[in-house]
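Take a walk through this model with the sequence at hand.

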Amino acid sequence: MDTLQKDNVDQSKSIFDIIEEFGHEQITFCNNPATGLKAIIGIHDTTLGPALGGTRMWNYSSDQEAITDALRLSRGMTFKNALAGLNLGGGKAVIIGDPRLKKNEGLLRAYGKYVNNLGGKYITAEDVSMTTTDMEVIASQTKHVVGLPKSRGGSGDPSPYTAYSTYMGMKAAVKVAFGTDSLEGKKVAVQGTGHVGEYLIQYLEKEGCKIFVSEYYEPILKKVASKYNVEVVGLDDIYDLDIDIYAPCALGGTVNDDTLNRLRCQVIAGCANNQLKEEKKHGEACIKKGILYAPDFLINSGGVTNCYSEVIRADQEWTKKHIETFYGTTMEILKDSLKDNRNPQEIAIEKAMSRISLVKKSL
Ligand code: NAD
């Protein structure tokens with residue numbers, strides 16, 4: 001199995017060859033014509049525990065695209081959960097279809113039955129286009145669901161915890177890059193001021209950062225600009241600023257050939273998933289440019305840690321303390337990266353895989 005993630009699945013290969021290449025234990029195809037449900041549940045590795053990862057609903061342009069997403073995302077969760085020190089395996093599910101047109105109670109109940117049939121091997125949560133209310137519908141069919149509202153005994157919105165882990169990871173990266181982890185006076189560009197981005201801005205403001213923001217959605221931008229001491233920049237201008245830290249908190253793939261030619265920062269640390277357009281090429285390009293890249297799946301794992309607290313019935317204090325351990329892990333990985341001149345993403349994945357291999361020996 002290659003350690004670094006590929007952009008696409010080789011479609012000339014048979015589905016079993018593809019699954020073997022990715023290293024999945026099980027893929028479940030769910031088809032319920034009565035409700036229109038078509039879903040794919042990817043269970044990548046359950047060595048450390050049940051596979052936990054969200055369900056996303058998306059209007060994929062082809063079944064192949066949906067399979068690719070399910071395979072990549074579930075594999076990514078194995079590394080994320082392992083590196084975060086959680087006793088969880090990696091899984092993720094995709095529901096095929098336009099959520100605005102096709103998501104309804106019948107479809108979600110049907111989906112919940114499929115999750116239930118897996119007997120706890122897969123635990124689901126929210127992802128793109130899914131809400132805590134949707135999770136409640138799924139929970140009517142299975143107990144293997146987390147991310148329920150606090151009013152139902154769940155752990156609620158994971159975003160504040162994702163922001164906290166991102167903040168911890170950013171401080172660790174700054175310590176390695178600048179010798180002190182104080183963010184006071186640091187110029188930080190936050191791209192995307194949605195759920196996580198806004199919570200992150202609160203930490204940055206408290207530490208006395210000079211904050212630049214860009215946001216695609218006008219009403220959110222207006223709200224954030226009126227609430228915090230931030231300077232608004234254009235969507236594309238964010239890559240040309242003279243800054244210390246670039247914090248991608250919107251979509252993936254923003255660390256690429258074009259932006260790496262323009263970015264003038266010493267640290268990249270944000271919550272967005274899959275920030276490196278190509279993990280190998282752009283991870284190595286960061287090193288050449290002297291930019292410290294804090295692996296996204298490590299520093300954004302506060303959200304899944306919060307979900308895990310629901311599984312083990314831990315309180316918020318435990319979640320916070322656990323997230324604080326990511327500071328040390330990030331420092332360790334980034335120091336190794338500098339020492340050996342190696343891609344930190346690769347080191348992070350190796351570290352996750354080494355934990356899994358060790359545990360496998362004890363089974
Ligand atoms: P969100 O949708 O609430 O916020 C993202 C924001 O980015 C939106 O407001 C959107 O308008 C904006 N945006 C999109 N494209 C943009 C662009 N080109 N430039 C500027 N702004 C742009 O999502 P979120 O929950 O805050 O998550 C942010 C990122 O973090 C996502 O990549 C998500 O996958 C990842 N993530 C989130 C969590 C979590 O707990 N929510 C956990 C792990 C990873």
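Leaving out residues up to four places away in sequence, S309 touches S155, A314, W318 and T319; contact means heavy atoms within 4.5 Å. This is a predicted model, in which local features need pLDDT of at least 70, side-chain atom pairs count only at pLDDT 80 or more, and totals for chains, interfaces and linings use all residues. Residues are numbered from 1 along each chain as its sequence is written, and side-chain values use heavy atoms, with hydrogens and water left out.

S309 sits in helix 12. Helices (H or I, at least four residues) and strands (E, at least two) are DSSP runs, numbered from the N terminus. S309 has 4% relative accessibility, so it counts as buried. The cut-offs are under 20% relative accessible area for buried, over 50% for exposed, and partly exposed in between, with a 1.4 Å probe and protein chains only. The side chain of S309 also has a polar atom 2.5 Å from the backbone oxygen of N306. That pair is a polar contact: N or O atoms within 3.5 Å, where within protein one must be able to donate a hydrogen and the other to accept it, and residues adjacent in sequence count only if both atoms are side-chain atoms.

Now widen the view to the whole helix. Helix 12 spans residues 302–311, and nine of its 10 residues are buried, so the rest of the structure largely encloses it. Among the buried ones are G302, V304, N306 and Y308. The buried residues pack against strand 3 (51–52), helix 2 (63–83), helix 6 and helix 13 (316–340). Just after helix 12, R313 takes a positive phi of about 55°.

I299 lies in helix 11 (residues 296–299). Its relative accessibility is 0%, so I299 counts as buried. Neighbours within four places in sequence aside, I299 contacts T162, S165, T166, G169, A269, G270, A294 and T330. The C-alpha atoms of I299 and A84 are 8.8 Å apart, although 215 residues separate the two along the chain.

Turn next to the ligand. Which residues come nearest to it? Of the 21 residues around the ligand, the nearest are T162, H195, V196, E215 and A250; a residue is near if one of its heavy atoms lies within 4 Å. Helix 6 (159–178) and helix 7 (195–206) each supply at least two residues of this shell. The shell has 11 nonpolar, nine polar and one charged residues. Here Ala, Val, Leu, Ile, Met, Phe, Trp, Tyr, Cys and Pro count as nonpolar, Asp, Glu, Lys and Arg as charged, and the others, Gly among them, as polar.

A side-chain N or O atom of E215 lies 2.5 Å from a ligand oxygen. For V196, a backbone N or O atom is 2.9 Å from a ligand oxygen. For N273, a polar side-chain atom is 3.1 Å from a ligand oxygen. Taken alone, the ligand exposes 830 Å², and the protein buries 74% of that.

Two loop residues close the tour. Most residues other than glycine have a negative phi. S129 has a positive phi near 70°. It lies in the loop between strand 6 (122–123) and helix 5 (132–139). With 27% relative accessibility, S129 counts as partly exposed. N341 has a positive phi of about 55°. N341 is in the loop between helix 13 and helix 14 (344–361). At 56% relative accessibility, N341 counts as exposed.

Conventions:
Accessible areas come from the Shrake-Rupley method with a 1.4 Å probe; for residues, only the protein chains shown count as cover.
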